[in-house]
Amino acid sequence: MTMSTSMPRDSKARIATINRKTKETDIRVSVNLDGTGKTEISTGIGFFDHMLEQLGRHSLSDINVEAKGDLHIDGHHTVEDVGLTLGQALKEALGEKRGIVRYGHSYAPMDETLSRVALDLSGRPYCVWR
């Protein structure tokens with residue numbers, strides 16, 4: 001696996017680009033946390049693309065994802081590696097996390113569903129997805 005990062009010259013800019021290449025995937029993710037919600041997503045998995053677009057739109061973060069994976073086998077390597085790469089890009093973009101509240105939560109009713117998110121930006125790794 002190879003990974004490379006690219007940070008902006010302006011240390012106040014909250015942007016990052018991460019490249020990740022494994023035997024199964026080749027991924028490039030760019031984020032601008034102070035964007036407008038513009039997204040360019042291409043993973044080859046339609047619903048996953050849609051969900052990543054919604055993340056960018058509703059967080060007002062610009063997110064670009066270009067992923068090529070072994071979809072002829074299954075989508076799980078692509079989803080896992082995009083998640084890891086996006087997480088690394090968010091971590092890089094947040095930098096020292098100055099001005100960021102450690103905890104946050106949100107509820108969003110959408111049609112017949114309720115989306116709930118609780119975040120802890122302490123740096124401890126943990127994710128629950130249902």
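Which residues in α1 meet which residues in α2? On the α1 side they are F48, L52 and L55, and on the α2 side T78, V79, V82 and L86. The residues of this contact divide into 6 nonpolar, 1 polar and no charged. Keep in mind that you're looking at a predicted model here.

**How the two helices sit together**

Let's stay with this pair for a moment. The axes of α1 and α2 are 12 Å apart, and the helices pack at an angle of about 15°. Angles under 35 degrees count as roughly parallel, so α1 is roughly parallel to α2. As for handedness, α1 and α2 make a right-handed crossing.

**A closer look at α2**

Helix α2 covers residues 76–94, which is 19 residues. From its first C-alpha to its last, α2 reaches 27 Å, close to the 27 Å expected at 1.5 Å a residue.

Which residues of α2 are buried? They are H77, T78, D81, V82, T85, L86, A89, A93 and L94. But what covers the buried residues of α2? The cover includes α1 (46–59), along with the strands β2 (15–21), β3 (25–32) and β5 (62–69).

**Some positive phi angles**

Just after α2 comes G95, and this residue takes a positive phi of about 55°. K97 and D111 have positive phi values too, and each is a residue other than glycine. Here's where to find that pair. K97 is in the loop between α2 and β6 (103–110), while D111 lies in the loop between β6 and β7 (113–120).

| Residue | Phi | Relative accessible area |
|---|---|---|
| K97 | near 65° | 27% |
| D111 | near 50° | 80% |

D111 counts as exposed because its relative accessibility is 80%. K97, at 27%, is partly exposed.

**A loop residue and its neighbours**

One more stop: L60, in the loop between α1 and β5. With a relative accessible area of 49%, L60 is partly exposed. Which residues does L60 touch, leaving out those up to four places away in sequence? The answer is L33, D34, G35, T36 and G37. There's also a distance to check in the structure: the C-alpha atoms of L60 and N32 are separated by 9.0 Å, although these residues are 28 residues apart along the chain.

Note on methods:
Residues numbered from 1 in each chain as written. Predicted model: local features only at pLDDT ≥ 70, side-chain atom pairs only at ≥ 80, totals over all residues. Heavy atoms only, no water. Helix = DSSP H or I, 4+ residues; strand = E, 2+ residues; numbered from the N terminus. Expected span 1.5 Å × (residues − 1). Buried < 20%, exposed > 50% of the residue type's maximum accessible area, 1.4 Å probe, protein only. Contact = heavy atoms within 4.5 Å. Axes fitted to C-alpha atoms, helices over the stretch in contact; angles between N-to-C directions. Parallel < 35°, antiparallel > 145°, perpendicular 65-115°, else oblique. Left-handed = near helix turned anticlockwise from the far one by under 90°. Nonpolar A, V, L, I, M, F, W, Y, C, P; charged D, E, K, R; others polar.
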